[in-house]
2 protein chains.
Amino acid sequence: MQRMSKAKAPQDSFVDGYLPALLAQASHLISGEFHRVVAQKGLTVSEWRVLATLASTAGPMSIGALARLTVLKQPTLTRVLDRMENRAQVKRIPHETDRRITLIAIAPAGQRFVAELIDLAAEHERRVLEPLGLARSDELKKTLRQMIELHDPLVEDGGAFEDEPE
Amino acid sequence: MQRMSKAKAPQDSFVDGYLPALLAQASHLISGEFHRVVAQKGLTVSEWRVLATLASTAGPMSIGALARLTVLKQPTLTRVLDRMENRAQVKRIPHETDRRITLIAIAPAGQRFVAELIDLAAEHERRVLEPLGLARSDELKKTLRQMIELHDPLVEDGGAFEDEPE
């Protein structure tokens with residue numbers, strides 16, 4: 001405690017106003033609320049993210065792009081996809097011109113399974129955004145999208161969420 | 001794919017405009033950048049979060065409060081704290097009046113270790129916020145704080161980040 005003053009905090013409590021901490025807490029709380037619904041449907045959070053992402057994308061997607069959008073590490077995502085392929089929720093499709101690339105697409109069973117959850121997710125999102133009002137909600141999304149664009153390295157470097165295994 | 005139209009997406013691609021997905025991606029990208037610096041210093045992300053949180057708080061903190069602020073599950077946090085206590089970076093302190101509660105405080109070795117990282121984190125945050133400008137940065141933090149306040153259940157229910165063990 002005696003060294004507190006050395007931390008050069010930009011305000012009284014560094015973590016209270018530290019953007020990465022605020023983003024992590026908001027993300028954790030908001031997602032966590034809906035993840036209870038996801039669990040009730042028998043899906044893990046990773047499976048939900050994969051299905052929701054694939055269901056709302058026009059065509060099949062590379063594993064790298066899917067990893068970025070689902071915020072999962074590629075080895076983790078590969079295991080999740082194995083499991084989901086066994087349940088016929090997703091399918092792997094070889095790339096038309098580059099055989100080294102495998103694309104992932106949602107399968108009809110996955111579409112059926114996730115449709116209701118996507119409706120519930122949209123409803124949950126509406127409840128979350130309601131207290132902010134339309135203008136602040138749009139501004140928040142615009143700012144987040146800009147940050148994602150500025151910081152997306154567009155490379156497949158793993159990720160950082162899964163720091164402490166259970 | 002044929003069921004896409006049933007998803008009632010609030011815009012063309014559901015996930016593209018879905019707040020929890022935007023929060024997760026922004027949080028992952030922004031935190032991930034700094035976590036490379038954290039790893040170079042030999043800390044895990046969880047250890048960094050614990051030290052940064054304790055270093056910027058006026059006094060010792062309950063495990064529940066620390067779990068919320070670090071976005072870690074309590075069993076995970078307990079293991080992390082065991083490790084850090086062995087290194088004399090943190091210490092456990094019994095609560096003055098309620099013996100069932102253990103408080104966590106940063107120890108001098110932890111303060112010394114984290115001081116430089118907090119300076120680097122503040123510098124990283126300034127670079128992240130610079131393209132947004134002061135007004136939008138403040139608005140973003142204000143909105144995130146409001147969402148955290150509205151959605152913090154103030155109960156110690158575990159959390160949801162560590163879905164897929166490595």
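1. Val71(A) sits in the loop that links helix 3 (63–70) and helix 4 of chain A, where helices (H or I, at least four residues) and strands (E, at least two) are DSSP runs numbered from the N terminus. Although Val71(A) is not a glycine, its phi is positive, at about 55°. Most residues other than glycine have a negative phi. Val71(A) counts as buried because it has 25 C-beta neighbours inside 10 Å; a residue is buried if 20 or more other C-beta atoms lie within 10 Å of its own, exposed if 12 or fewer, and partly exposed in between, with C-beta atoms placed from the backbone.

2. This is a predicted model, in which local features need pLDDT of at least 70 and side-chain atom pairs count only at pLDDT 80 or more, while totals for chains, interfaces and linings use all residues. Residues are numbered from 1 along each chain as its sequence is written, and chains are lettered from A and ligands numbered from 1 in the order in which they are written.

3. Chain A contains six helices and three strands, and from the N terminus on its elements follow the order α-α-β-α-α-β-β-α-α. Of its 166 residues, 41% count as buried.

4. The three strands of chain A form an open sheet in the order 1-3-2, with antiparallel pairing; two strands pair if DSSP finds at least two bridges between them. Strand 1 (61–62) and strand 2 (90–94) of chain A are the edge strands, each pairing on one side only. Strand 3 (residues 102–106) of chain A is joined to strand 1 of chain A over two bridges and to strand 2 of chain A over five bridges. Ile104(A) in strand 3 stands opposite Met61(A), and Ile104(A) is also the bridge partner of Arg92(A).

5. Helix 4 (residues 74–86) of chain A lies across strand 2 and strand 3 of chain A, and runs at about 110° to strand 2; axes are lines fitted to C-alpha atoms, for helices over the stretch in contact, and angles run from 0 to 180 degrees between N-to-C directions.

6. Helix 6 (residues 133–151) of chain A has buried residues Leu140(A), Leu144(A) and Met147(A). They lie on the same side of the helix because they cover an arc of only 60° around the axis, the arc being that of the directions from the helix axis to the C-beta atoms. The face turned away from this buried side carries the exposed residues Leu134(A), Ala135(A), Lys142(A) and Glu149(A). The cover over the buried residues includes helix 1 (19–40) and helix 6 (133–151) of chain B, contact meaning that two C-beta atoms, placed from the backbone, lie within 7 Å.

7. In chain B, helix 3 (residues 63–70) has Leu66(B), Ala67(B), Arg68(B), Leu69(B) and Thr70(B) buried. These buried residues pack against helix 2 (45–55), strand 1 (61–62), helix 4 (74–86) and strand 3 (102–106) of chain B. Just after this helix, Val71(B) takes a positive phi of about 60°. Ala88(B), in the loop between helix 4 and strand 2 (90–94) of chain B, likewise has a positive phi of about 60° without being a glycine; Ala88(B) is exposed, with 11 other C-beta atoms within 10 Å.
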